[in-house]
Amino acid sequence: MKITALVENTCESGKYSVEHGLSLYIETDKHKILFDMGQTELFCENAKKLGVDLGKVDFAVLSHGHYDHGGGLARFMQINTFAPVYINKNAFGEHYNGTEKYIGLDSGLQNNKRFVFCDEHYEIDKGIKLYSCNK
């Protein structure tokens with residue numbers, strides 16, 4: 001398994017851009033996985049620089065419904081037109097920070113047929129399981 005950070009808060013190289021958020025590209029012998037999409041489209045720019053073809057991702061997982069993990073969701077769905085996106089059933093809920101600033105996802109995306117809304121446990125494939133803290 002190989003995990004490549006496409007975007008996160010820090011970087012030792014000036015070659016790649018950073019932002020508050022997270023996006024990881026995961027390659028296994030069987031799958032190409034995108035885990036989170038960062039705050040903006042920046043993960044796509046870094047993916048290009050790293051030679052990662054997001055159009056070939058088999059499926060994506062969105063860890064939770066905050067903008068800094070799913071802000072690039074719409075862009076990923078434009079680049080990759082077939083991969084299902086596994087997402088918690090509560091991800092499109094009302095998410096605010098302590099100052100009442102909205103920090104959730106773009107609610108205009110929530111009816112996309114590629115979303116697979118998951119509950120507490122979901123098995124994507126043999127050896128790939130999602131666990132959620134819904135309670």
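The model is predicted, so local features need pLDDT of at least 70 and side-chain atom pairs count only at pLDDT 80 or more, while totals for chains, interfaces and linings use all residues. Residues are numbered from 1 along each chain as its sequence is written, and side-chain values use heavy atoms, leaving out hydrogens and water.

Strands β3 (residues 32–35) and β4 (residues 59–62) pair in the parallel sense, over three bridges. Strands are DSSP runs of E, at least two residues, and helices are runs of H or I, at least four, numbered from the N terminus. Two strands pair if DSSP finds at least two bridges between them.

The open sheet has six strands, in the order β1-β2-β3-β4-β5-β6, with mixed pairing. β1 (2–7) and β6 (115–118) each have a single partner strand, so one side of each is left without a neighbour in the sheet.

Next, Ser 23. Ser 23 sits in strand β2 (residues 23–27). Is Ser 23 buried or exposed? Its relative accessibility is 0%, so Ser 23 counts as buried; the cut-off for buried is under 20% relative accessible area, with a 1.4 Å probe and protein chains only. The side chain of Ser 23 reaches the backbone oxygen of Asp 36 at 2.9 Å.

Last, Asp 125, in strand β7 (residues 121–125). Beyond residues up to four places away in sequence, Asp 125 touches Lys 30 and His 31, contact being heavy atoms within 4.5 Å.

Methods
Buried < 20%, exposed > 50% of the residue type's maximum accessible area, 1.4 Å probe, protein only. Polar contact = N/O pair within 3.5 Å; in protein donor to acceptor, adjacent residues only side chain to side chain.
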